[in-house]
Amino acid sequence: MQYLSIKNTGIIKTDIAQRMSLFIPILASIFIFKEDISNLKYIALLIGFLSIGFILKKEDNSNIKTKYSFLYLVFVFFGFGIIDICFKQVALYSTTPYTTTLFFIFCMALILSIIFYGSYLKIINQRFIITKKTVLFGSLIGVLNFMNIYFYLNAHKAFSSNPTVVFAGMNYGVILLGTLIGYFYFKEKLSKLNILGLLLSVISIGLLIYSQLSS
């Protein structure tokens, strides 16, 4: 769905929808996981959301429009938000080791990906082509993605009573690191608002860590 959203709405709008999905797990932390959120955390979250807006404030030259393009953004928004909540539940599930559960999750994701992508290629009448490059980069992304989720679940176990620290810290950290890589490696230009957003994200993460240490 993320691929279809990028294709039909552009990468900037998709990225915004993905990052703003943080609203869903934050609400889940309050109403489902019953976390007692301090005023300092609320301030950190507010600063963090402002930083997302400033960092992602970029000119969108994609000019991509389809009749139901907004639906792809809605699916990305709710999809990523619900996935975060599910990972939290997996980390708290003690009957089966979460490493075993994670293995089955990835196997199921692989099967579903092949089915859906194969069906999509059949609809647009294209062949499924595998090259050395796709295998190499696909394996690299797979390993990094597995490590990301593995440590993400570990963080949820370590901070089981403070899920907002994990939800927000991971999202703000990804945006901060991704923007810095884009600037230094891919030579992307940053506006004054983007730089302000980076500073705010650092402040937000710092406040979240401080709130955790002081609790």
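This is a predicted model: local features need pLDDT of at least 70, side-chain atom pairs count only at pLDDT 80 or more; totals for chains, interfaces and linings use all residues.
**Entry 1: a charge over a ring.** I began with Lys88, which lies over the face of Phe33, at 5.6 Å from the ring centre.

Entry 2: I then looked up Lys34, whose place is in the loop between α3 (23-31) and α4. Its phi is near 55°, which is a positive value in a residue other than glycine. I kept this in the notebook because most residues other than glycine have a negative phi.

**Entry 3: helix α4.** I checked the length of α4, which runs over residues 39-55 and holds 17 residues. At 1.5 Å a residue the helix should span 24 Å, and because its end C-alpha atoms are 24 Å apart, I take the two values to agree. Going through the burial values of this helix, I found Lys41, Ala44, Leu45, Ile47, Gly48, Phe49, Ser51, Ile52 and Ile55 to be buried. In reading such a list I bear in mind that an α-helix has 3.6 residues a turn, so residues three or four places apart point the same way.

**Entry 4: the largest nonpolar core.** I next went to the largest nonpolar core, which has 24 residues, and asked which of them touch the most other members; these are Leu22, Ile52, Phe87, Leu153, Ala168 and Tyr172. The elements giving two or more residues to this core are α4, α5 (69-92), α6 (98-123), α7 (132-158), α8 (163-184) and α9 (192-214). The largest share, 6 residues, comes from α8. I followed up Ala168, which, leaving aside its neighbours within four places in sequence, is in contact with Leu22, Leu45 and Leu208.

**Entry 5: aromatic pairs.** I counted 9 aromatic pairs. One of them is formed by Phe49 and Tyr172, which are edge-to-face at 6.5 Å centre to centre, with 85° between the planes. This pair links distant parts of the chain, since Phe49 is in helix α4 and Tyr172 in helix α8, 123 residues apart. I found both Phe49 and Tyr172 to be buried. I also recorded the pair of Tyr150 and Phe151, which is edge-to-face as well, at 5.3 Å centre to centre and with 75° between the planes. For Tyr150 I have a relative accessible area of 28%, and the residue is therefore partly exposed, as this value lies between the 20% and 50% cut-offs. Finally, I traced the ring pairs that link Phe23, Phe49 and Tyr172 into a cluster.

Key: Residues are numbered from 1 along each chain as its sequence is written. Side-chain values use heavy atoms; hydrogens and water are left out. Helices (H or I, at least four residues) and strands (E, at least two) are DSSP runs, numbered from the N terminus. The expected span of a helix is 1.5 Å times one less than its number of residues. Buried means under 20% relative accessible area, exposed over 50%, partly exposed in between (1.4 Å probe, protein chains only). A nonpolar core is a set of buried Ala, Val, Leu, Ile, Met, Phe, Trp, Tyr and Cys residues joined through side-chain atoms within 4.5 Å. Contact means heavy atoms within 4.5 Å. Rings of Phe, Tyr and Trp (its six-membered ring) pair if their centres lie within 6.5 Å; planes under 30 degrees apart count as stacked, over 60 as edge-to-face and the rest as tilted. A charge sits over a ring if NZ of Lys or CZ of Arg is within 6 Å of the ring centre and within 35 degrees of the ring normal.
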